[in-house]
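Please look through the sequence and the model before reading on.

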Amino acid sequence: DIICVVHGIGSGIIKKEIHNTLKTNKNVLEYKLFFNNVGCTIVKLKIGRWAVWDVWIDTMMLVKNMKED
């Protein structure tokens, strides 16, 4: 499965944190910036029923923690 995470361009803080989160997620095979839009990251996931949800939950927890800081 392949998903696109839209983080925007801005100062790069959100992109950096999302990439750190993806780096440690066991369901992520690889990720890279989308060549047409550096405000998006393309993520290749392991095939599995819960892989997308696992990445989504990690990303949402990251956003929630950033809002609280």
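## Basis of the model

The model is predicted: local features need pLDDT of at least 70, side-chain atom pairs count only at pLDDT 80 or more, and totals for chains, interfaces and linings use all residues. Residues are numbered from 1 along each chain as its sequence is written, and side-chain values use heavy atoms, with hydrogens and water left out.

## Overall architecture

The protein has two helices and three strands, in the order β-α-β-β-α from the N terminus. Helices (H or I, at least four residues) and strands (E, at least two) are DSSP runs, numbered from the N terminus.

Along the principal axes, the C-alpha atoms fill a box of roughly 35 × 30 × 15 Å.

Among contacts (heavy atoms within 4.5 Å) with a separation of 6 or more, 55% join residues 24 or more positions apart.

## Burial and the nonpolar core

Of the 69 residues, 28% are buried. Buried means under 20% relative accessible area, exposed over 50%, and partly exposed in between, with a 1.4 Å probe and protein chains only.

A nonpolar core is a set of buried Ala, Val, Leu, Ile, Met, Phe, Trp, Tyr and Cys residues joined through side-chain atoms within 4.5 Å. The largest one consists of nine residues: V5, I18, L22, V28, V43, L45, A51, V55 and L62. At least two residues come from each of α1 (13-24), β3 and α2 (51-68), and α2 gives the most, with three. In soluble globular proteins, nonpolar side chains tend to be buried together.

Beyond residues up to four places away in sequence, V28 touches L22, V43, K44, L45 and V55.

## V38 in strand β3

V38 lies in strand β3 (residues 37-45). Why does V38 count as partly exposed? Its relative accessibility is 45%.

Apart from neighbours within four places in sequence, V38 contacts H7, G8, I9 and L33. V38 and G8 are 30 residues apart in sequence, and their C-alpha atoms are 7.6 Å apart in space.
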